Amino acid sequence: MSYIVLARKYRSQRFDDVIGQDPIAQTLKNAIKTGRVAHAYLFAGTRGVGKTTMARVLAKSLNCLAADAPTVEPCCKCDSCTAVNLGEDIDVIEIDGASNNSVEEVRKLRQNAIYRPARARFKIYIIDEVHMLSTSAFNALLKILEEPPSHVKFIFATTEPNKVIATIQSRCQRFDFSNISAKLIAGQLKSILEQEKIKYEDDLILPLAKMANGSMRDGLSLLDRLISTGVEPLTVGLLEEFLGRPNSEKIYNLAAKIGDSDAGGTLAAIEDLISTGLSEVQIVDSLTDYMRDLMVIKSAGGESELLILTAEQRKLADELAEKFDIAAIIYNITALEKLRWAVKNSDTGRALLDALLLRLALSEHFSNVDQLLSQLQGGATTVKKKQPTSIKNKAANEPLRLPPDEIKQRSRNREGAVEGRETRDERRETSNEHRESKVENQATSNEQRGKTRSRRTNEIINDPAVKTVIIGLDATITGVEED
Ligand SMILES: [Zn+2]
């Protein structure tokens, strides 16, 4: 027997089964009950969120032969219902706007629409990807929308509603389909696995649902691929092996090295991820996701429902979050977002990736953004484009002399500043000369302890190529341009 893909096999049949679109289902049911069904609907939303499914449910409800009038509970067994389910009904015509986008197609549609339905109450046109119609096809469509025969209904679906011309939109009742939450997708995946009697480990479900990115269809097709490996039970390891999901341990390791301010470890962790075949952009995306998890832990606690992590991952992330302050995490996410763009548009993506992640790991060695901005705002008359030069000097010189104890001290100072306290130490930080000499003194006294790590860090930081990239990124992130 041939394999039917899960998305087809488990397509929702009734309004109450359509997952994640309850308000739309409810509104349509009310319209049917009160006899206020519109002539034309526009279903907007990303792919795989249930637009076509909802269109078919609506068509069945309007045309079900088992009822005397449109019903909110189509029988799903009569000739009309079964034909609609297969997309083969004579009165419910499904058109793919992408391949039938010419004006001739729409004219043909208009000519056919005049004739009454063959066996059901309505002639229903479901036009998928309606935004793909040509302008002349849209205009032809508009003619019939202006004065539609009473037996005709239109259901348009689109992933790009902004491309549907306004005159069409204004003649439709529009519904915006939301992305489906990972929790709802997870529930459906579980229920299907149980119905299919396929063994799986619980830890698999949420990460798999998360990979679907709000699309039920994508979630089910990922599950199809996992099932086709023939491996049982299905485990989270298979996501990494067969579906290209970044290894979560390796991503954690990278974040941990950044949290530990371990420059060498950070570079090694990047290399480790690259060697599994991930692209730079995928690494940035995964790390951004991870930083987001840390941000949630910091602001909503480790038990937050917003986290999609297994118990073990939750524990690790909870511990790791201790090493970051919330301002640093937010900064990191912003920086990673900029980096993603830069990496995508660069021929030297790997160097950028290495440099920025080092920048995050060694953030104590650099002025942080808050400080930078307050410097800019504080001295608006004197500071303008010159300011980055002093930042540049700082970036280049500081790490040479900063032992770990001083790093910790300054890190504490900065946390104080985030909370709004202005400490003496903080004020001292703004005075360049003063601090330089203090750093010098401490450096001598703590020389032994800081020596090994400082040297390694300095070698990396003082690499001219790395310096240039870091300073460039700083300028991009803070919106300050170099002269
Ligand atoms: Zn029926």
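This tour goes through the structure stop by stop, saying what to select and what is there.

**Whole chain**

Remember that the model is predicted. The chain has 24 helices and five strands. Of its 483 residues, 47% are buried. Now consider contacts between residues at least 6 apart in sequence. Of these, 73% join residues at least 24 apart.

**Stop 1: Phe-43 and Phe-177**

A search of the whole structure turns up seven aromatic pairs. Select Phe-43 and Phe-177 to see one of them. The ring centres are 5.0 Å apart, and the planes make an angle of 50°. That pair is tilted. Now colour by secondary structure. Phe-43 sits in strand 1 (residues 40–44). Phe-177 sits in the loop between strand 5 (173–176) and helix 8 (182–195). The pair therefore ties together parts that are 134 residues apart in sequence. Phe-43 and Phe-177 are both buried.

With Phe-43 and Phe-177, they form one aromatic cluster.

**Stop 2: Tyr-125 and Phe-154**

Next, select Tyr-125 and Phe-154. Their ring centres are 5.5 Å apart. The planes meet at 25°, under the 30 degrees that counts as stacked, so this pair is stacked. Tyr-125 belongs to strand 3 (residues 123–128) and Phe-154 to strand 4 (residues 152–158). The pair thus links parts that are 29 residues apart in sequence.

Are these two residues buried or exposed? Tyr-125 has a relative accessible area of 2%, so Tyr-125 is buried. Phe-154 has a relative accessible area of 1%, so Phe-154 is buried as well.

**Stop 3: helix 2 against helix 3**

Select residues 22–33, which are helix 2, and residues 51–63, which are helix 3. Their axes come within 11 Å and cross at roughly 15°. That angle is under 35 degrees, so helix 2 runs roughly parallel to helix 3. The crossing is right-handed.

Show side chains at the contact. From helix 2, pick Ile-24, Ala-25, Leu-28 and Ile-32. They meet Met-54, Leu-58 and Ser-61 of helix 3. Which classes of residue make up this contact? There are six nonpolar residues, one polar residue and no charged residues.

**Stop 4: Gly-48**

Move to Gly-48, in the loop between strand 1 and helix 3. Its relative accessible area is 10%, so Gly-48 is buried. Which residues does Gly-48 touch, leaving aside those up to four places away in sequence? Select Ile-180, Ser-215, Met-216 and Arg-217.

The C-alpha atoms of Gly-48 and Asp-218 are separated by 6.5 Å. Along the chain, these two residues are 170 residues apart.

**Stop 5: helix 9**

Finish with residues 202–211, which are helix 9. Show its buried residues: Leu-204, Ile-205, Pro-207, Leu-208 and Ala-209. What covers the buried residues of helix 9? The cover includes helix 8, helix 10 (216–228) and helix 11 (236–242). Display those helices around helix 9.

Methods: Residues numbered from 1 in each chain as written. Predicted model: local features only at pLDDT ≥ 70, side-chain atom pairs only at ≥ 80, totals over all residues. Heavy atoms only, no water. Phe/Tyr/Trp six-rings, centres within 6.5 Å; stacked < 30°, edge-to-face > 60°. Helix = DSSP H or I, 4+ residues; strand = E, 2+ residues; numbered from the N terminus. Buried < 20%, exposed > 50% of the residue type's maximum accessible area, 1.4 Å probe, protein only. Axes fitted to C-alpha atoms, helices over the stretch in contact; angles between N-to-C directions. Parallel < 35°, antiparallel > 145°, perpendicular 65-115°, else oblique. Left-handed = near helix turned anticlockwise from the far one by under 90°. Contact = heavy atoms within 4.5 Å. Nonpolar A, V, L, I, M, F, W, Y, C, P; charged D, E, K, R; others polar.
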